[in-house]
Amino acid sequence: MRELRYNPLTGQWIMVSAVRKKRPWRPRNFCPFCPGGEETGYGWEVLLLPNRFPMLSFDAPRPEQEVFYRRARALGQCSVIVETPEHDLRDLDELSLEAMVRVVELWKNVTAELKKNPRVAYLSIFRNKGEEIGVSLTHPHGQLYATPFIPLKVRLKIENSRRYFKRTGECLFCRILREELESERAIYENESFAIFLPFFASWPFEVHVYPKRHVQWLTQLTEEELADLADALRVATGTLNTVLGRGMPYTMMLYQAPFKGTYGFYHLHVGFYPILRENGKIKYAAGIEMGTWDFTYDGVPEENAEKLKEACRKATKRTGARGRCFT
């Protein structure tokens, strides 16, 4: 079975797939993403592979309809982005700048390709890292989901940014970026991108990466801006992996505008959602968070931003960077 089910209470589509139960969990003595595998072959530096256990597929069957509830075809694409042939790299900060540029260039190219597909409404490019997050394969990789619908969180951001633009004539994200760069929560900047812990953070060490230029899609970035994005992502992960003296488990999401419609008021951005509040202590999304989607923040954002800025200075000394950490 593979289908979409609609939640009439939240206006949210749920992706249902029985295939997902079959995916492997950390197989021993074998990695499907290493060079020389059945799907990988040799001679590559970054690789886009079909997800063998997808939630979505362009040949998904048409489900039977019910009297009240809505079902829809699970149309779309689920792919794996193998970021490097090297199996033992722990995170993006251990990639060279050139290798990270190749990753973001792949993101840009696949965005351009899927924008042409009339059955794709939105593209989610994301990354899970760490055993605590539930990563099933440790070889460095990200994923993409090309969906026939716009995800609920994205729709909320679009609606709020649309209202703000109608009221002020200004991009909400541009205003947030300006506020954050003038605050003590600013962590790092290069010529084209900035990293900060937002005023409204939900997770203790949550960081956002914004382009300074107002763009909606990766396809609008120049070669120099792509290099700055690669640099910012290396710095962001290096900072997170330094702040607690251990590898940080996190989820990363790249947010672009939807593919259908006009969204000149929207702004490309990246969010990192780390789940540790201290070394060995997980920030659980529990009662109030799961029940209402309203988060509690364990600590003070500005104090955690100071820790991140110190970690940023250490991380950039180790890996090199194209910009500067804030003091």
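1. Contact here means heavy atoms within 4.5 Å. The structure is a predicted model, in which local features need pLDDT of at least 70 and side-chain atom pairs count only at pLDDT 80 or more, while totals for chains, interfaces and linings use all residues. Residues are numbered from 1 along each chain as its sequence is written, and side-chain values use heavy atoms, leaving out hydrogens and water.

2. Leaving aside neighbours within four places in sequence, His 87 is in contact with Cys 31, Cys 34, Thr 138, His 139 and Pro 140. His 87 is located in the loop between β5 and α1 (97-115); helices (H or I, at least four residues) and strands (E, at least two) are DSSP runs, numbered from the N terminus.

3. An unreviewed UniProt entry lists Cys 31, Cys 34, His 87 and His 139 under "binding site"; such annotations may be inferred rather than shown by experiment. These residues are spread over 109 residues of sequence, yet they cluster in space, with a largest C-alpha distance of 8.3 Å.

4. Cys 31 lies in the loop between β2 (12-17) and β3. Cys 31 counts as buried because its relative accessibility is 13%, whereas His 87, at 28%, is partly exposed. Buried means under 20% relative accessible area, exposed over 50%, and partly exposed in between (1.4 Å probe, protein chains only).

5. Strand β3 runs antiparallel to β5 (residues 77-82), joined by 4 bridges; pairing requires at least two bridges found by DSSP. Leu 49 stands opposite Val 80 of β5.
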